[in-house]
Amino acid sequence: MSLKDLPIKRKLMAITLITSGVVLLLTCSAFFAYEFFTFRQTTARHLSTLGGVIAQNSTAALAFENRDDARDILDSLKVEPHIVSAALYDKNGRLFAQYPAHLPAHSFPAAPANDGFRFEAAYLADFQPVVQGGNKRLGTLYLKADRGAIYERFRLYATIAAAVVVVSALVAYFLSQTLQKQISQPILSLAETAKAISQRRDYSVRAAKQGRDEVGLLTDAFNQMLTQIQEQNQALGQSEERFRLMMATVKDYAFVMLDPAGCVVSWNAGAERIHGYRTDEILGQHFSRFHGGDEVAPGECERILAVTIAEGRFEEEGWRVRKDGTRFWADTVLTALRDESGQLRGFSKVTRDITERKSAQDEIQKLNQDLERRVHERTAQLEEANKELEAFSYSVSHDLRAPLRHVQGYVELLAKHAGDTLNEKCRRYLRVASESVTQMGDLIDNLLAFCRMGRVEVRQSSVDLQKLVQETADGLQPETGGRKILWKHGPLPQVQGDPALLKQVLVNLLSNAVKYTRGRDPAQIQTGVASEVNGEVVIFVRDNGAGFDTNYFDKLFGVFQRLHRAEEFEGTGVGLANARRVINRHGGRIWAEAAVNAGATFYFTLTKSQKG
Amino acid sequence: MPVLTPANHWKANRVRTGSSCVWLILLGVLLLAGPKPFAQTAASVPSKEYQIKAAFLYNFAQFVDWPPQAFPGGQTPLVIGVLGADPFGAFLDETVRGEKVNNRPMVIQRFGRVEEIKACHVLFISRSEAAQLEQILSSLKGRNILTVGDTDGFAQAGGMIGLVTEKNKTRLKINRDAAKAADLTLSSKLLKPAEIVSSEKR
């Protein structure tokens with residue numbers, strides 16, 4: 001258990017003990033260090049004093065060369081256990097007496113060194129002069145002390161220090177046990193109150209303030225917070241109550257709260273009405289029950305929750321099963337509920353019964369599909385009929401040409417062989433017959449062209465309409481010979497289309513204009529752009545010719561439909577039908593405006609080339 | 001008695017060797033002592049025994065306190081006298097040459113008869129005077145002279161320090177009463193290596 005997790009009482013005591021222990025240890029260390037350095041000096045001084053006494057006592061022994069006396073004096077050093085050896089040297093530096101007596105002579109310096117101390121590895125050596133009064137030196141005293149005294153002393157000090165530490169620790173322990181209560185008691189009581197409040201959730205309890213220190217401030221702040229919590233709880237309770245009432249009274253929506261596992265924790269009247277379960281039946285049940293249990297694909301409910309958790313929201317429409325087993329089409333919205341830290345708390349589930357809307361939608365869809373199918377059928381039938389008709393027309397036209405060539409050939413042969421024998425009247429008959437055959441050939445050709453138009457492929461490319469109009473007008477030169485016609489072209493854009501097919505349209509429209517302005521002097525024929533919307537250009541071809549009655553407008557573009565008699569204006573009645581077909585095949589429209597004898601204007605639309 | 005520390009000792013030594021006037025005084029004293037004993041003793045070399053005894057004579061001066069009247073002046077020299085036939089020769093003079101005791105220079109004087117003795121502090125009574133010893137000692141009674149001798153029973157006869165040879169070693173016999181009578185104070189240290197004896201009445 002680290003110091004952090006200790007109860008505050010123990011922590012305070014530990015701090016006190018550690019602090020006093022460290023201070024004591026530091027003090028002892030300082031004392032030891034001081035002793036270590038001063039004890040050398042103390043030892044040296046001690047040895048010096050001792051040496052002084054011995055030297056003084058041994059003056060006479062040296063002066064009168066009494067070795068026994070000198071030995072006696074040195075032997076008195078026995079009482080000082082740390083003196084390892086001692087010796088007296090005479091004034092000539094010869095060893096005179098030694099202590100202890102049994103030591104061999106080579107254990108002592110051969111001659112006295114300079115006076116004073118020297119510290120050897122484990123010993124302290126001292127040389128002192130032996131002098132009587134202020135007189136001549138009589139000899140030298142040598143003393144050798146071991147340093148065991150230091151260690152002995154340190155052992156003593158260590159024992160004392162240990163005793164002091166133990167006693168101090170005990171005193172500190174008992175003192176801190178009493179004194180720590182000053183700090184820990186208010187904190188403990190505050191902690192006790194906080195614990196009781198969090199366990200019982202009774203926010204009306206208040207902590208007792210014991211002083212005006214920081215703990216007192218803490219107690220005040222704590223009590224203030226409790227007041228705030230109480231107020232907030234009250235406000236929250238009221239808000240919750242309102243919300244609950246609202247939820248309970250809503251009947252069209254099922255409001256259901258789920259726990260994170262997907263089990264029901266709250267249920268409103270709407271839910272009861274829609275799902276059919278009473279509150280007491282459904283609480284704690286998993287929401288997969290609404291999906292019809294066995295019918296739902298395995299893992300589907302888990303998938304729904306996973307998506308809700310991942311995206312925060314999940315919405316779907318689908319079949320749900322009521323308690324009585326009947327099904328209804330539901331619109332369900334699931335929302336993940338999270339607390340402030342983002343931890344998932346559960347889900348809210350709002351379900352609406354939209355079976356009626358669903359069946360209405362289904363009905364409309366069914367009707368639409370039916371309609372579409374019928375249109376398709378009709379269109380297919382029409383297309384079929386149209387194709388048959390075209391094939392019929394083509395084969396009829398084609399089969400008509402062969403006998404017609406025979407008629408033509410024989411009329412020409414008759415005119416050649418019997419022409420001279422026939423009178424003028426008969427020759428005119430032959431001529432009319434030949435012309436009619438030629439006209440019928442033209443009719444068949446046009447009809448064939450028209451039929452082919454239904455099959456030919458449109459080769460799309462960019463077409464310079466200005467140039468095409470100019471070429472077409474130039475190509476009409478033989479028919480306009482001698483007439484005064486005022487042409488006015490363009491400007492015209494580049495358009496999308498098949499140049500060969502568009503040329504047919506222009507030939508048709510321009511030759512019509514030339515044809516129906518016969519008798520006008522001057523004839524005016526104008527081409528140009530009427531308007532342009534979204535890339536679709538409206539081209540017009542206007543003349544000041546005979547015009548037509550717009551009452552017959554619908555007949556204008558029909559095959560073999562003519563608004564003028566052949567005697568007045570020749571024609572097969574296929575041209576405009578063909579033109580319309582070409583424009584339609586280009587995705588455009590064609591129409592006309594006119595009045596009798598006031599000229600006509602033809603309009604058609606084309607897609608403008610993106611390049612132009 | 002002041003304790004002489006090594007440092008003091010060294011300083012005193014330097015002062016002594018550095019002071020030339022002291023040398024001049026010493027030279028003067030030696031000249032005053034007369035050429036006769038100087039020349040007479042220069043040739044003879046004393047035995048080992050007398051070399052030691054000469055050193056002892058010098059050392060005695062360090063362990064004895066004389067009454068103030070023994071030294072009228074601050075620089076009054078300490079006189080070591082030899083009475084009778086001198087057994088030391090020049091050795092005694094060499095022993096004390098340049099030496100000082102309690103800051104006093106030392107002088108050797110030789111006496112033929114006891115009547116010649118005027119100022120003297122340590123007197124060695126030679127064996128040649130053994131016959132008149134009692135008479136010599138009684139004539140010196142009352143004077144502050146430390147009497148030393150090596151005749152048998154010297155101390156018992158009333159001499160202060162007797163030098164006796166035991167097992168080839170010179171030992172001291174001290175008659176404290178005699179010294180006390182002469183108003184001399186013997187250091188207790190001096191007594192330690194010595195044998196204390198007292199006067200025998202004859």
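Below are my entries, in the order I looked things up.

**Overview.** I kept in mind that this is a predicted model. I began with chain A, where I found 14 helices and 17 strands. Of its 612 residues, 23% count as buried. I then checked contacts in chain A with a separation of 6 or more, and 58% of them come from residues 24 or more positions apart.

**Cores.** Which residues have the most contacts inside the largest nonpolar core? I noted Leu88(A) together with Leu57(B), Phe60(B), Leu123(B), Leu146(B), Val148(B) and Ile161(B), in a core of 79 residues. The element that gives the most to this core is helix H4 (residues 48-63) of chain B, with eight residues.

**A sheet in chain A.** I traced an open sheet of five strands, paired antiparallel, in the order E2-E1-E5-E4-E3. Its edges are strand E2 (95-99) and strand E3 (116-119), each pairing on one side only. On average, neighbouring strands here are turned by 15° against each other, direction ignored. Further in, I looked at E1 (residues 83-90) and E5 (residues 137-146) of chain A, which share seven bridges in the antiparallel sense. Ala86(A) has Leu143(A) as its bridge partner in E5(A). Helix H1 (residues 8-57) of chain A lies across E3, E4 and E5, at about 35° to E4(A).

**Helix H13 of chain A.** I tested its length: 18 residues (499-516) at 1.5 Å a residue should span 26 Å, and the end C-alpha atoms are 25 Å apart, which agrees. Its buried residues include Leu501(A), Leu506(A), Asn508(A), Asn512(A) and Tyr516(A).

I found a cis peptide bond from Tyr99(A) to Pro100(A), with omega near -10°; Pro100(A) sits in the loop between E2 and E3 of chain A. Another cis bond joins Asp521(A) and Pro522(A), with omega about -5°, and Pro522(A) is in the loop between H13 and E14 of chain A.

Is Asn534(A) buried or exposed? I put it down as exposed, because it has 6 C-beta neighbours inside 10 Å. Its phi is near 50°, a positive value in a residue other than glycine. Asn102(B) also has phi near 50°, but it counts as partly exposed, with 15 C-beta neighbours inside 10 Å.

Notes
Residues numbered from 1 in each chain as written. Chains lettered and ligands numbered in written order. Predicted model: local features only at pLDDT ≥ 70, side-chain atom pairs only at ≥ 80, totals over all residues. Helix = DSSP H or I, 4+ residues; strand = E, 2+ residues; numbered from the N terminus. Buried ≥ 20, exposed ≤ 12 C-beta atoms within 10 Å, placed from the backbone. Contact = placed C-beta atoms within 7 Å. Core = buried A, V, L, I, M, F, W, Y, C linked by C-beta atoms within 7 Å. Pairing = 2+ DSSP bridges. Axes fitted to C-alpha atoms, helices over the stretch in contact; angles between N-to-C directions. Expected span 1.5 Å × (residues − 1).
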